[in-house]
Amino acid sequence: MSLAIRATTAIAACALAALTLGVSPAEALSLPKVEDPATLKECSTCHMVYQPQLLPQRSWDAMLSHLADHFGENAKLDDAMRIDILSYLLANAADAPDTKGKSGVLRGIAADSVPDRITSLPWWKGRHDEVNLSNLKSTKVKTASNCIGCHTTADKGEYHE
Amino acid sequence: MKRALIFLALASLSWGSAMAFADDRRDAILADLAAQAVAADPAFTAFSADRGKAFFLATPSSGKPDTPSCTTCHTKDPKAKGQTRAGKEILPMAVSKTPDRFTDAEKVAKWFLRNCSSVLGRECTAAEKGDFITNMAAQ
């Protein structure tokens, strides 16, 4: 399986760093592809659609209640569409009861904190501490939020370096 | 070719050839905007591609700091691909390059609302919208 292959091919330095930090070595993450039509239509124009499993329910709830100021941009939707999308995101969030394969994305997050980004999660930072993210703005990738700029299969939910 | 269209002519305009269907839908959107422009200003006569071009290239500095101009994302060249702030490609705005531009009224309304509020800090007027589309349709 890809997980085993990934584990055995992880470079020694990386594995060592991970061990001293007390986390498991980086492993490929496989999430269901987003198929919800409303979410695909409205949340994939400015960036790739993010999988709902990457944030907890409270984050999606907060994000969709102030779309008019969405990271410095206006992503406002009419209310029917907004509620449609929100219900999909909530049902599949990292902490939703039916979400499978607990990917550990919520590791280190206090229950009362509301992370506004995937890229602000300790889990995400841990996965990218070996990645140079400082100059992205001058590259084609532009920003750490552009998952698919580096992970070419991110829109299918497949993340492996 | 300048397409400074007089709104009365719009409803009946038909280009008759390959892109006729898309052009009809775009013309219907323009006719609707023209009616709104007249309602707002009875002196309004026609949309202008030149005004639309100036509007597109302007830097109004009344909007959000990350989006000073339409060209921030759409680039200065309407025939070129743009890029969102989050790095996703945007197809060219020029109708010659992306023929189905400005043909879905709901989509057009949604993006004017968002992008005008980001760049200008207010909604665009019907005249500004019509000028913008007229310019892009002529490209």
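How many residue pairs are in polar contact across the interface of chain A and chain B? The rule finds 10, with both residues of each pair at pLDDT 80 or more. A polar contact is a pair of N or O atoms within 3.5 Å; within protein, one must be able to donate a hydrogen and the other to accept it, and residues adjacent in sequence count only if both atoms are side-chain atoms.

This is a predicted model, in which local features need pLDDT of at least 70, side-chain atom pairs count only at pLDDT 80 or more, and totals for chains, interfaces and linings use all residues. Residues are numbered from 1 along each chain as its sequence is written, chains are lettered from A in the order in which they are written, and side-chain values use heavy atoms, without hydrogens and water.

**View 1. The interface of chain A and chain B.** On chain A, 20 residues are in contact (heavy atoms within 4.5 Å) with 14 residues of chain B. The two chains bury about 1500 Å² between them, 40% of it on carbon and sulfur atoms. Buried area is the accessible area (1.4 Å probe) lost on putting the two parts together, summed over both.

**View 2. Salt bridges between the chains.** Three salt bridges are counted between chain A and chain B. The rule asks for a side-chain nitrogen of Lys or Arg within 4 Å of a carboxyl oxygen of Asp or Glu. One pairs Lys110(B) with Glu42(A), their closest N and O atoms being 2.7 Å apart.

View 3. Thr99(A) sits in the loop between α5 (79–91) and α6 (122–127) of chain A. Helices here are DSSP runs (H or I, at least four residues), numbered from the N terminus. Thr99(A) is buried, at 12% relative accessible area; the cut-off for buried is under 20% (1.4 Å probe, protein chains only). Its side chain reaches the backbone oxygen of Asn92(A) at 3.5 Å. The backbone oxygen of Ala93(A) lies 2.6 Å from a polar atom of the Thr99(A) side chain. Pro52(A) is 47 residues away along the chain, with 9.6 Å between the two C-alpha atoms.

**View 4. Helix α5 of chain B.** Residues 105–120 form this 16-residue helix. From first C-alpha to last it reaches 21 Å, close to the expected 22 Å, which is 1.5 Å times one less than the number of residues. Its buried residues include Trp111(B), Phe112(B) and Leu120(B). The buried residues pack against α3 (37–42) of chain A, together with α2 (20–40), α3 (49–57) and α6 (126–137) of chain B.

**View 5. The two ends of α5(B).** At the start, a side-chain oxygen of Asp104(B) reaches to within 3.1 Å of the backbone nitrogen of Glu106(B). Just after the helix, Gly121(B) takes a positive phi of about 75°.

Note on methods:
Buried < 20%, exposed > 50% of the residue type's maximum accessible area, 1.4 Å probe, protein only.
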